[in-house]
Amino acid sequence: MGGGGGGGGGGVRGILLDSSVILDSTSNDNETASLRSGVDYLLRKLRHSNIPTGICYAVGFPEAKVSLLEKLICEFSFERFIYNRSSIDDTVNVVSQAWENNGGSILHVVLNNFEGILPNASNFGWMNVVVNGDGDGLSKDPTGICIKKLEELPMIICELNKKSSEDNVVVGYIMKPSREADFAKRGAFPLNPTQNGLIFLPLTFDLPILSQLKKVDIIIHKATDEISSIERSNSCNSSSKIIYTTGMLELQRCIRELPDCCVIDPFDNIFPVVDRLRIQEILLGLVELKTESQCNIRGPYFLKVDNFEDVELEKRLHDAKLCLPSIVKPQVACGVADAHSMAIVFKAADFPGLNVPLPAIVQEYVDHSSTLFKFYVLGEKVFYAVKNSTPNAKILKNLTESNQFKPLLFDSLKSLPTDGNKKPSEMKEQNLDLDLVTDAANYLRSVLDLTIFGFDVVIEEGTRDHVIVDVNYLPSFKEVANDVAIPSFWDAIKMKYLLFRKRENENCV
């Protein structure tokens, strides 16, 4: 829970939350206790902030309220400070000694109608943050800071930390809560400056977006988490249209008002990873890749299908170099409920009525010894992990023989047919040509113009063709060790920002 970072001295060295901002004070019943609005949001943001955080309450506090506070202290791994109003200075000294003095301030967060434990906080290098005050952030109250909602506190922290070094920059991020939690618990989103000066601010649609964006230098997003629908085009020559949620549309509108803000990555760059057909077309360009490898790297053979009842479908499959079994995927790759509803089809007669959303992509099923290589591109760095995967076609056929070789239907996010007899230790890496795949990663980075993305590679038995079967934006890269992945994640963001600034300066000349 230490608070070190790359921003030097100053900034925020600790956060002390008084019980008055945590517990709902609308009821005077000492037998029950409940949380104030915004508390759960704030505690989740502070939990992995890399800033020491504590909860304090007075001696003699009602048992029910103490019980709830203690539960929160345990759940979020915060520190506990119990004070006696007759010896405030003792509590101040205890907290100050517990949190290393790096020249920064300790934020003491209290309710506006609460006296607090520090009537002269500035004398101790502390700063009162008064919630529900009438002021607006840092500018209004010379004795401290006034905010109207608890959700504003991360902005205040980021603002103070940014001032601690001219090299610090603020990264605003937005994605669905479960994804954010996965990144945060790995230490990816600290409110304290990272080793390369990044400070991460959670963006929320519960506060005005524009006021938040004015505090940040960089925006990183998982826009595919905020897709409400996709309008599929009936024309062969036009693309489908992504319909974003109201909040994401507002975010995009505000970004257009702030051209100096670096976006990772521009929303238009995301579209190819939403459309499996577009990705397949991009992968065709791998044939032009000049490498010294004895192996080929390519995308799978594929065919777009608009109607499973097409009487010419079997011939079209043959013309596209597709044989059975083949894997069938919706053209829309993410953002809608059925984007991951897939099937492995063994007989052409089973295409009519197939329960996979249309339009669909029929994709070559590659025999790959049940071994999948997951590649992650973080800026200029490339990592990979080896995963168990679906078995070869012969084993799949044996699995479905008792069911008359009916299609295998599955959700690729939840269940994938795998070789239950194959152990991870048996997965071989000697056939992987890492230089070849790295060349392909550089090609995709250039064509897609994405900073952080992932793709899956399988190696075809016999030919040793390296086949890229999937591409996705801002993956979790959870298979890569945190001490390697997270600094690389930060470096990718900072390098993109510096390049953006360089281009901005060149355009101004």
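Predicted model: local features only at pLDDT ≥ 70, side-chain atom pairs only at ≥ 80, totals over all residues.
Residues are numbered from 1 along each chain as its sequence is written, and side-chain values use heavy atoms, with hydrogens and water left out.

The chain contains 14 helices and 22 strands (DSSP runs numbered from the N terminus: H or I of at least four residues for helices, E of at least two for strands). Of its 509 residues, 54% are buried (under 20% relative accessible area, 1.4 Å probe, protein chains only). Among contacts (heavy atoms within 4.5 Å) between residues at least 6 apart in sequence, 69% join residues at least 24 apart.

Helix α9, residues 267-274, is mostly covered, with seven of its eight residues buried. These are Phe267, Asn269, Ile270, Phe271, Pro272, Val273 and Val274. Helix α10, residues 276-283, packs against α9 at an angle of about 90°, the axes lying 5 Å apart (lines fitted to C-alpha atoms over the stretch in contact, with angles from 0 to 180 degrees between N-to-C directions). The two helices are therefore roughly perpendicular to each other (65 to 115 degrees). Pro272, Val273 and Val274 of α9 make the contact with Arg276, Arg278, Ile279 and Ile282 of α10. The contact residues comprise five nonpolar, no polar and two charged (Ala, Val, Leu, Ile, Met, Phe, Trp, Tyr, Cys and Pro count as nonpolar, Asp, Glu, Lys and Arg as charged, and the others, Gly among them, as polar).

Methods: Buried < 20%, exposed > 50% of the residue type's maximum accessible area, 1.4 Å probe, protein only. Parallel < 35°, antiparallel > 145°, perpendicular 65-115°, else oblique.
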